Structures are given as structure tokens and as C-alpha cells.
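Dear colleague,

I am handing over the structure that you will find just below. Please have it open while you read, as the notes after it go through what was found.

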Amino acid sequence: MDERTPRFTIPHEELMYPGHSACPGCGEPIAMRFLLKALGPRTVMNVPAGCCAVIPGVWPRFSLKVPLIDHAFECTGATSSGIRAALDVKGMDDVTVVGWAGDGGTVDIGLQSLSGAVDRGTDFLYVMYDNEAYMNTGSQCSGSTPCGAWTTTTPGGKAIARRTGKKRILEMLVENGIVYGATVNIAFPEDLIERVRTARSIRGPKFLHVFSPCPSGWRMDPSKTIEVASLATRTGMFPLYEYRDGQYRFTKEIKNRKPVEEYLRLQGRFRHLSPEQIAEVQELIDQGLEDLRARVEAGRK
Amino acid sequence: MIDALTANQAAALAAKLARIEVAAVYPITPQTTISEKLADMVASGGMDARFMLMESEHSAMSALIGASYVGARTFTATSSHGLALMHEVLMWASGVRRPIVMPVAARTIGGPWNIWGEHMDVITERDVGWMQFYCENNQEVLDTILMAYRVAEDPSVMLPAMVVVDGFILTHTVDAVDVPEQGLVDDYLPPFRPDPVLNLDDPRRFGLVMPDWWTEFRYRIATDMEGAKERIREADREFGRIFGRRYGGLVEHYRTEDADAVLVVAGSAAGTAKEVADRLRDEGLMVGVARLRVFRPFPSEEIAELSSKRVVGVFDRSYTFGDGGAMYNEVRSALHGSDNIVKNYVGGLGGRDVTAAHMEWVFRNMLDIADKGLDRRVEWVGLRDGSGRW
């Protein structure tokens, strides 16, 4: 045995196999692979429309080693509730139900159904892989597209407003009643796995927000996926934090935070931004982090 | 045991007798009392099922599709706008072969608002791959739900079914209903054991089908829907053997054998039609009723048996804007090549009663055009058009 082996904290077990149909450099299969490693084989997944409906393979090919149920776009929460109910009826209450949907399928069209599942107290894990636009249909703006970003429906860039431009979905769901929520990033897989395991250990509706770059939609070099993802967190664009027991907590403290420009300049979708606009985006991020810090501090009191 | 029940109460009892395992509900008039009765039975411990409150009909159907994959027998009920909201996932349910059974309290669809009965909501969903059973009375609602599960879950069918219950006329009207014993129902309806079913040791997906196989998947649904006709006839025969009641399979022929004029009609209005037909028979008028129990799959063979009749009338409780009623057009199509007169009668819309007087007018009009020839293709029965006709 290699003497370094014990240092690995990521499980060896593979439940997602090569042969899936994601684009080169896509963040989503990385997220799905780590998620399944953390959850293990007693897992049932369900997915709506989106890249997630394509990536696991075209019938009869299938790249996952767990059952996957496909459904319409707006009903990930509802389908999860149904699967959970039937598993409980059949005495399979040890099985983890994972509703896995994109940002558009979550913060826009799927919001009602997700809210219903949280309200029902469905014991499941909802994972939103956030590539910040409707990428499967070719980069249309979603409620999770950041300010300033070019998409095919925001050719001049999404209007820079106060706030980050992204719906604060985790906070919305905290108010809705989730028992656990966390942001995770494919560039930090050990943290991702820890968050998934924490979520699995708690009964009730849980939510994970996964940062997942889309090289084709973000107009970036597919070999830079991890670098871009890492910068999103290290610039404060996508801070990593969790919510549990009434408290928010940073799960990754960023020291020596980098300017957002380093993140933006690697992506063609932000190429049109002027130095003034970049400064505005920087301001929004600073403000967003301050808001989050205030929530974290409020919980500590 | 004979009990006094509304059709909605009978429907909820049928769900209990069918030993459903997962129910997902959302309120809409005039369906809501089905959900309420289920809630009562589950809460009181009289019924062992997971009962889920959903935030929309779309979500109710989506939840059942998920539950059915896991192998649970599933149930919901809806009406009107709720059914329309489900449209997308109705197609999903049939496309992935989930044998969900759902009573629909048939009601019109707005706007403007109208909560009352007609068949527009269910007719609008005729092409979504669901079987459609239309009930004449409360007893038939209970019995048909049991039959629908048996047919839907047959391995050769595996398609969902809606059981149409005329809004208010049946849903909210009390009638005597013979509630069968659980043991007999268990004999009639075996437990739901789908194959394949969700299995963690043999993980599968039924997800994304490309053009190379899509046609074959659709062809299987088409042929299995066609095959469901024989399963429905069998289910009706077997029901008669166990419970002593039969409904005629897909079409109930009532005094049609020697009739000159036959009215094809679905749902509760058929009761009125039969009553009036009896009265006119006493006068020596040769009329009969072919009650359309099943609209999907369409009973083209049974309808073709009417090809020797001089006049076939079709009473539609809905209207497909553009060209007559849906039932009329399909009946006419099944009779293509015969030389009888086929006429469409549209009525009973948005809660307007279909009275005995209306039915008598329809029968007399049919006999009239048997001699004089077709006066008009589509007759709106009871229309306040200022003509003094009604």
C-alpha cells in the first residue's frame, strides 16, 4: 500500500463512471461524483430538465451506480417528496433521496415545488448546481446569474443593481424551514464531502448550493475550471458557509482575499465590463460579504 | 354494505379499498371532499397510506410519479384548472408508464370563472396517454376506480387512468352505494408489483431517449393502449363474477338492439337519456342509448356496431372550438363508411342541467331527421338564442 494513501480523505468508491456526456471542463460531473462518493450507494437521485438530464447518459447508457428518476423541469421538490414517501412505505428509510437541479430549475421555475417540499418537511437533500444561467439551452440569464454577466438574453451584461444579482436562495430556504444548508465549491472537494456528510446525518429538508463553472457558457478555457472555481471563493464572489441550528457559520475563512478582477478576467462573459463596472462588482461583493458576516455574527451572540 | 354516499365519498372509499400507499392532494372544487375524506380516514387510523399535502396539482402528480417508480400504489384527485395545470406531468406519467389512478371531478375551465360541471377539462386531456372512464352514478365511481387500478397495473398495459366524475351532479349528490367487502376487493385487485421497479442493487434510469428509439417507445404506448380494451372488457367480466355488477365493458348498450335512433352519451346524462328512452319506447318510438364508458382507448369496435342504425346522435358535454364535439367527431370517424346520419348535440355546459325535456327533444329530433335528413351537424341543446326553440 502506498504510504500516502491514508492521507486521502476522499472515498475511493466510484458511483459515477466515465462515459457521461458532459462538456470538457464542466463542473457538474465533478460535483456529482464527489457527492455520490460522500453519500454511498444507498442513494436515489432525481433530476429535472437541464444539463443534469443529459450528463448521466442517453438511454440505454447510464453512468451512475445509483437509481436516477427523471422528471419535468419545475418539480424536483415534489418528486423528491413522492420518492421519499414511497421509500418510507417500503421500509427503505435508510436511503438518501437527492433532488439535483440547476440554478434555473431551482431559483426560478422550481422554486414553488422546492418550497413545498421544505414546508412538508421532506427528508431529502436538495442540491443546486449553480452554473449561473440556463446553460443546457445555451446560456440564458437566470435568477442566479451574477450582475454584469453576459448571457444570450443579457447581451449587454445583466444589469448591475444593488445586491449581487443572484437570488439569495440559501437564505430564502432558511426562512422557509430547511434544517441544514451550505454552499460548496468543486474546487474544495474535501469541504464538499464534509458538508454532504453533515447533511446526510440530519433528518429533514437539506440544501446544498454547489458552485459549478460552465466553460462554454462562461466563455472560458475548459482547462481553467478548478482555477476559476477556486477564485470565486478566494475573491469572495462565492463564499463558503453553512446554516445549522439557527446559526450561519463560515466553513472556509478567506485570508488575503483577492480582487474580483482576477476572477472576472478569466471569463469571456465579463470581458465587456469597464474598470468602473468592475469596481461596482467589487463593491457588491464587499457588501455581500459584510451582510453575510453580520448574519454569522448575529448567530454567535 | 349499502351506504348513502356522494361520489366523492365513494371515490375516497375506493382508494381505501384499493389499499393505496401514497396519496398527494391539492384542493380544487368540486374535488376537494375526496381529499378531505382521505385525510379523515388516514388521520383516524382507518387507512394506512402516506398522505401528502402538495402546493399545486402539478406537484401532486409529480410526487406520485416519483412514488410509483418506487413501487407504491398511488392516488390523487383533481378537476378543471388543476387538471390543466397537470397537463405536462400527465404526459410524463403515461410516457414513463406509471399506472396512477385519478378521479377527475369534471368541470369547465375558465375564464371567465365557472366552477360547475361539464367535460371540457377531461376532453382537453384526451391525447395525453391516460385511459378515460366516464361514470354514470356513484356506485360506478367506486367500482370503476377498482377496475381502473386493475387495468392500469396490468403488466401489458402500465398506463395511468382518470375516472371522470361529473362535477356536483355526482360529486356532491348522495346516492345508495354498495360498498364491497375488503376481502372481495383483495381478490379482485392484487397488490401492485411492477417490474422493473426501483432497485438499489440494480440501478437504472428511464431518462433521455433519442430519435433512434423514441418512435418505438411511442409505438409501445399506442399498442398497449389498444390492448387495454381487452383488459377493460376482462376487468368488467371479472368484476361481475366477484361483485355481481357489470357495466358493459367500454360501451353500455341500452335498448340499442332494435333501435332506429341511438344516442351516444357519457357520464351522468346517460341516466337521464335511459329514463327518457324508456318513456319513448312506451310510446313505440325505437330509441336506445349507447353509453360511452371509456373514451380512451376509444371503443371503435363497439361504436361500429351502431353502423346499421338510421341515426346516431352524439351528446357532447364539451366543445372543441373549431369543429363540433370531440366525442361526436370520434364516433363519426368510427362509423365512417356506413350510411347512417350522425348528428352532434352539445349541452350541459358550465353546470347547466341536462333535463329530461332536453333529452326528449334530442330523441325526437333524431327520429325526425331519420325521415327528413340531417338539418344541421351541430345542435346546441338548450341554447338561449332567442329563437324560441328552447
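Two strands are said to pair if DSSP finds at least two bridges between them, and the elements themselves are DSSP runs numbered from the N terminus, with helices being H or I of at least four residues and strands being E of at least two. Please keep in mind that this is a predicted model, in which local features need pLDDT of at least 70 and side-chain atom pairs count only at pLDDT 80 or more, while totals for chains, interfaces and linings use all residues. Residues are numbered from 1 along each chain as its sequence is written, and chains are lettered from A and ligands numbered from 1 in the order in which they are written.

In chain B, six strands form an open sheet of mixed pairing, in the order β9-β11-β10-β13-β14-β15. Its edge strands in chain B are β9 (251-254) and β15 (378-380), each of which pairs on one side only. β9(B) runs antiparallel to β11 (residues 287-292) of chain B, and four bridges join them; in this region Glu252(B) stands opposite Arg291(B) of β11(B).

Helix α9 (residues 269-282) of chain B packs on the sheet, where it touches β9, β10 (261-265), β11 and β13 (311-316) of chain B. Here two residues are in contact if their C-beta atoms, placed from the backbone, lie within 7 Å. The direction of α9(B) makes about 165° with that of β11(B), with axes being lines fitted to C-alpha atoms, for helices over the stretch in contact, and angles running from 0 to 180 degrees between N-to-C directions.

Turning to a pair of helices, the axes of α1 (residues 7-17) and α2 (residues 32-43) of chain B come within 8 Å and cross at roughly 45°. That makes α1(B) oblique to α2(B), because angles under 35 degrees count as roughly parallel, over 145 as roughly antiparallel, 65 to 115 as roughly perpendicular and the rest as oblique. Among the residues that make this contact are Ala11(B) and Ala15(B) of α1(B) and Leu38(B) of α2(B).

Finally, the domain assignment of chain B, whose bounds come from an automatic or database domain assignment, gives domain 1 (2-243) and domain 2 (251-380). The centres of these two domains of chain B, taken over C-alpha atoms, are separated by 28 Å, and the contact takes 27 residues from domain 1 and 20 residues from domain 2 of chain B.
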